[in-house]
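The entries follow the structure.

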Amino acid sequence: MAINFQQVMQRIREIGMGARQRSEHLASVRENARTILAAWASRREELNERLERVLRYDSTFRSAIPRNQPLNASFPATPLPGNTTLIAADGSQVAPDRHASVLFSLVNVGAIVMQPGSSQAPLIQADSRLLVEDENYTETGMLTLEAIEQRRDLAERRKLLELAQEYSGLVIALTDGPLELWGGGTAARNEYLRDLEIHKSTLSQLQERGVVVAGYVDKPGANLVMRLLELTQLNTDDQFEQIRRQHPLRGVTDLWLFSTILPPGYRSAVFGLQSSSRLHYTGDLALHFFYLNVGSPGHPYIVRVEIPGWVVDDEEKTNLLHAALLDQCRIMGARPYPYILHRAHEIAVVKMDEKQQVQSMLELELRLSGGEVGEPSAKSSAKALPGRGEK
């Protein structure tokens with residue numbers, strides 16, 4: 001049955017009727033946010049005291065941590081040195097499907113090495129790891145999509161390390177998305193902690209080689225600085241204790257805020273990252289971030305760049321990363337995104353026909369070698385019928 005467009009259209013009309021009122025309210029909240037930012041920009045100690053007060057009630061609270069720069073600071077880019085090596089890795093995955101005739105999963109990592117300004121052609125590599133049947137099970141059951149994505153993230157960082165070992169001088173290693181390893185649900189906690197140690201070891205080895213490591217977050221959704229500013233509006237213990245329900249500046253985003261602060265090509269102050277995993281990333285591995293405007297005059301485009309402590313503590317490395325990201329984004333023109341990450345994604349992505357080809361190859365090999373090939377589930381077969389839509 002198709003969508004009930006009569007119901008949907010009625011809801012859309014209701015939304016339209018309230019649009020002007022919501023817009024006026026948002027404008028008022030935004031103006032309040034700008035006032036708060038200006039008033040608290042340099043009150044680092046007071047902000048940290050409020051943050052510590054919240055953490056006594058909720059250690060998983062997620063926000064920015066003020067450091068030694070004003071919250072509303074901005075910094076221009078420095079020239080990019082000519083002897084820089086850029087490495088990027090991106091991954092794609094196929095999760096195991098119990099409805100398929102053969103149980104398999106795949107992690108595919110694409111990587112590229114570029115040396116801007118040199119005559120050296122880019123180096124391109126792809127690593128594909130296939131797991132079949134029992135290999136798709138862990139102590140907690142079949143691999144979930146979250147577990148596969150976790151393995152993909154690890155594989156991306158390991159590929160960066162493998163390639164970085166081949167180059168000397170100034171090396172920048174990039175991945176798409178946060179540096180923080182996601183996962184850790186209750187059922188898979190032990191597996192997550194094991195993978196986390198591997199992840200941290202890889203980061204430490206990159207540090208030992210002096211590599212500038214960063215995670216590039218395009219169109220970030222986490223309002224980390226706004227969440228910090230909201231703490232300035234709390235007054236009572238009950239409000240601090242019920243921080244999850246306190247959103248006095250709801251509707252104002254970090255993207256909007258920094259689009260009003262950062263001219264094209266400029267970056268923000270560097271902030272620490274307060275999250276549930278903060279205890280795992282300490283010292284030189286402590287997670288930080290800054291915002292960067294990779295847009296053009298009149299068309300700001302704000303991204304978040306995550307970096308470890310050892311990059312933060314070396315201003316030359318931070319400036320090098322800033323310049324390299326801008327240089328890469330300019331290559332893509334009106335839709336700014338680091339060209340090298342775009343190419344890594346193109347190498348890594350597993351298309352539907354490629355997934356089906358792997359499955360067909362597996363089925364054929366198993367039949368020829370006397371193995372067992374199952375039947376797809378009735379649900380899977382029904383979905384393949386002509387005219388059937390996706391659920």
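I took helices (H or I, at least four residues) and strands (E, at least two) as DSSP runs, numbered from the N terminus. The model is predicted, so to speak of local features I need pLDDT of at least 70, and side-chain atom pairs count only at pLDDT 80 or more, whereas totals for chains, interfaces and linings use all residues. Residues are numbered from 1 along each chain as its sequence is written, and side-chain values use heavy atoms, with hydrogens and water left out.

Entry on helix H12. I found Arg 367 and Glu 363 in helix H12 (residues 352-368), four residues apart, about one turn of the helix. Their side chains meet in a salt bridge at 4.0 Å, N to O, the rule being a side-chain nitrogen of Lys or Arg within 4 Å of a carboxyl oxygen of Asp or Glu. For burial I used under 20% relative accessible area as buried, over 50% as exposed and in between as partly exposed (1.4 Å probe, protein chains only). Arg 367 is exposed because its relative accessible area is 53%, while Glu 363 counts as buried at 16%.

Entry on helix H4. Arg 152 and Glu 156 lie four residues apart in helix H4 (residues 145-164); their side chains form a salt bridge at 3.7 Å, N to O, and both residues are buried.

Entry on the remaining pairs. I noted a salt bridge between Lys 317 and Asp 314 at 3.2 Å, N to O; Lys 317 is buried at 19% relative accessibility, and Asp 314 is partly exposed at 26%. Asp 127, Lys 159 and Glu 162 are linked in a network of salt bridges. By the rule above, I count 15 salt bridges.
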